[in-house]
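Keep the sequence and the 3D view open as you go.

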2 protein chains.
Amino acid sequence: MRERIGEDRQGALGRLPLFRVLSTEETQYLASQVREVRLGRGEILFNKGDTPHGFYVLVEGCVQLAFTSEQGTERVLEVIKPGESFGEALLFLDKPYPVSAQATQDCMLLDVPGHTILNLLEKDSQLARKMLAGISMRLHELIRKLEACSMRSSTQRVACMLQHRAPDKSLNQYEVELPAAKQTVASQLNLTPETFSRALHALSEAGLIEVSGRVIKVLDADGLRRVEI
Amino acid sequence: MRERIGEDRQGALGRLPLFRVLSTEETQYLASQVREVRLGRGEILFNKGDTPHGFYVLVEGCVQLAFTSEQGTERVLEVIKPGESFGEALLFLDKPYPVSAQATQDCMLLDVPGHTILNLLEKDSQLARKMLAGISMRLHELIRKLEACSMRSSTQRVACMLQHRAPDKSLNQYEVELPAAKQTVASQLNLTPETFSRALHALSEAGLIEVSGRVIKVLDADGLRRVEI
DNA sequence: AAATAACCTTGATGATGATCAAGTTTTGTT
DNA sequence: AACAAAACTTGATCATCATCAAGGTTATTT
């Protein structure tokens, strides 16, 4: 796969959700402008406060976006998976990155220069629409997170996360695989690893879920909805 | 002003930040499609979970966007002021409103049908760019809020909000007028009115601010930055 | 396969902020 | 101007979650 992309960057770009709408010609132009970036596990792509020049598409690996407070404590905002992009919003804002980006696996990304995407946007209303949809989706996700963040109980937050990750909302039983280490997921929920662990324990006690490593089996989705404390 | 808009809806639309880029012809088309909505203080425009059909531009008054939990407690996400729009992101998502909208003052809004704005977007890349910028800005704000929400201390959150509302970041002294009732601002910071009140008190004690009603005089912005508890 | 490191769990304690309650001030209405 | 209602403040108490600490488990490396 990795070689494939090296050889056929154009094809790889065309397969990305965001760029699927582009014409062959446009994809060609794009491919000529992007730069490949490789990161080893643990490496920092950019820090909060850095000046953005474009945006990134993750082709392979895993990147996490996080705030870091003065004391060095981290709060993970988002885990980026292959095919997803990040940093688009900054193209239009002229502000520094509000978060840091770190590779949690060996990664291959494409660095798309700002002017390239702005050029494409001028001419291609389909791409504009796609980007609007992408950013809107991101916005929606953030609203959900903020809502979760203002829900009182830690257990409720965890239950809520498990519901959100259901493959199908109508199912009452399903399995969820956590997208990252438990401490990372905890951080996304604005919880300490300890509290997260206890919350999972409580939900197990209540017979609502079964935990084995990163795989969580939801036994009673309806019960999760009714969690009070 | 209100009559003015009634007479000259086209002119009013052209003056709105989002639509300033439109041609006369486009503005004319838009004006023919929008519907005026008037709300009395306290009235609900839509509830969380409702199906959106378009988006809104606030011309006059004040609207607040909030979550409401099952128990009826409210958490204000945003206070919309005249000239601002909301609900754009839903145009691209096919999801229910994630928040409720309530008038906190008598209001006049324009209801822009989804298909109208999508039509305009097809042809006008300037508008697309403007919308992208608008939504990106919203996204950025939300990230800031989430970050604030994960900062530990309530007093820090209040101090942070006061810094953010500085008319000019380089000033060490300035006045801030809260955009809404204190309980609303408290809610935006994910605090109870009581805790908010105490935080303001603490900052006053420390000689960093002076409070008189909704007007807060910041005496030492640098000190605010260093607030620890 | 052994060793090391990272990750996770469980317990005990403490601080922060929510809640409840009562009083004060401000705002708005008649 | 007087009254009512909403908004705000202050105090006391309590619950939740973070922190600290130690032991256990799973991954990774050699």
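**Exercise 1.** Find how strand E10 (residues 209–212) and strand E11 (residues 215–218) of chain B pair, and over how many bridges.

Step 1. These strands of chain B run antiparallel and share 4 bridges; two strands pair if DSSP finds at least two bridges between them.

Step 2. Look for one bridge: Ser212(B) has Val215(B) as its partner in E11(B).

Step 3. Now trace the link. E10(B) and E11(B) make a hairpin with 2 residues between them, and Gly213(B) in the turn has a positive phi of about 65 degrees.

A word on the model before going on: it is predicted, so local features need pLDDT of at least 70 and side-chain atom pairs count only at pLDDT 80 or more, while totals for chains, interfaces and linings use all residues. Residues are numbered from 1 along each chain as its sequence is written, and chains are lettered from A and ligands numbered from 1 in the order in which they are written.

**Exercise 2.** Work out the strand order of the open sheet of 4 strands in chain B.

Step 1. The order is E2-E7-E4-E5, with antiparallel pairing.

Step 2. At the edges are strand E2 (44–46) and strand E5 (74–80) of chain B, each pairing on one side only.

Step 3. From one strand to the next, the twist averages 30 degrees.

Step 4. For a pair inside this order, take strand E4 (residues 63–68) and strand E7 (residues 100–103) of chain B, joined by 4 bridges. Ala66(B) has Ser100(B) as its bridge partner in E7(B).

**Exercise 3.** Explain why strand E8 (residues 107–113) of chain A is largely enclosed by the rest of the structure.

Step 1. Of the 7 residues in E8(A), 5 are buried, so the strand is largely enclosed. A residue is buried if 20 or more other C-beta atoms, placed from the backbone, lie within 10 Å of its own, exposed if 12 or fewer, and partly exposed in between.

Step 2. Check its partners. Strand E1 (residues 35–39) of chain A runs antiparallel to E8(A) with 5 bridges, and strand E3 (residues 54–60) of chain A pairs with E8(A) in the antiparallel sense over 6 bridges.

Step 3. Zoom in on Met108(A): it is the bridge partner of Arg38(A), and Glu60(A) stands opposite Met108(A) too.

**Exercise 4.** Describe how helix H6 (residues 154–164) and helix H8 of chain B pack.

Step 1. Their axes are 9 Å apart, at an angle of about 75 degrees. Axes are lines fitted to C-alpha atoms over the stretch in contact, and angles run from 0 to 180 degrees between N-to-C directions.

Step 2. That makes H6(B) roughly perpendicular to H8(B), a label for angles of 65 to 115 degrees.

Step 3. Residues in contact (C-beta atoms, placed from the backbone, within 7 Å) include Val158(B) and Ala159(B) of H6(B) and Phe196(B) and Leu200(B) of H8(B).

**Exercise 5.** Which element of chain A gives the most to the side that touches chain B?

Step 1. In this interface, 32 residues of chain A are in contact with 32 residues of chain B.

Step 2. H5(A) gives the most, with 20 residues.

Methods
Two residues are in contact if their C-beta atoms, placed from the backbone, lie within 7 Å. Angles under 35 degrees count as roughly parallel, over 145 as roughly antiparallel, 65 to 115 as roughly perpendicular and the rest as oblique.
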